[in-house]
Amino acid sequence: MPIPYDSVKVVSANFTRPADTTNYVAGDMLSGATSSGTAMTFTNCSRDNGGGGYITDVIIVDSAYSATAVIYKLWLLDTNPTTAVNDNVGFNLSDTEMESVQAVVEISNAHAGSATIGAGGNRALQTDSILRSFVCASSDSNLYGVLTVNSAFNPVSSEKLTVKLKIMEDTSR
């Protein structure tokens, strides 16, 4: 069955990591704060509240380059989690928050833009071909993202991470 869509768009969110180089272990969350951290907001993923679509690709642009290969996991929810999404803390969403998960995407294909180690370098990471459906909450057109790591790595202080979702909006509603 063909996928009904007439709109392809890119929706992005970003954050800057804290100014530290504390090592991550598998399962840690990444965010812009070590206390009172929040999920990323991907604004207007659907054209209407309660609408949906298909995520066809996820790209993460990292403003720094680390020699350690990193595997990220992006958890996309239809509701903004109330659990603090604190940097360098184990992933710990509640049962209720887990029920709002719309997609989980692993991102591991890394491509160096500049392979200079540290803040002088950069890279982009991308998914293999995916097609993940999602439906936003009935009172919302946004998705909310929590980024975790699947592997230990040494970060660069204050690196900026931009997460881009390529979306085909469902027009069958």
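Reply: What follows sets computed values against the definitions.

Reply: This is a predicted model, in which local features need pLDDT of at least 70 and side-chain atom pairs count only at pLDDT 80 or more, while totals for chains, interfaces and linings use all residues. Residues are numbered from 1 along each chain as its sequence is written, and side-chain values use heavy atoms, with hydrogens and water left out.

Me: Why is T127 called buried?

Reply: Buried means under 20% relative accessible area, exposed over 50%, and partly exposed in between (1.4 Å probe, protein chains only). T127 has 7% relative accessibility, so T127 counts as buried.

Me: What makes the link between T127 and D57 a polar contact?

Reply: The definition asks for a pair of N or O atoms within 3.5 Å; within protein, one must be able to donate a hydrogen and the other to accept it, and residues adjacent in sequence count only if both atoms are side-chain atoms. The side chains of T127 and D57 are joined at 2.8 Å.

Me: Why is the pair of Y24 and F153 called stacked?

Reply: Rings of Phe, Tyr and Trp (its six-membered ring) pair if their centres lie within 6.5 Å; planes under 30 degrees apart count as stacked, over 60 as edge-to-face and the rest as tilted. The centres of Y24 and F153 are 4.9 Å apart and the planes are at 5°, so the pair is stacked.

Me: How do you know whether W75 and F91 are buried or partly exposed?

Reply: W75 has a relative accessible area of 14%, so W75 is buried. F91 has 26%, so F91 is partly exposed.
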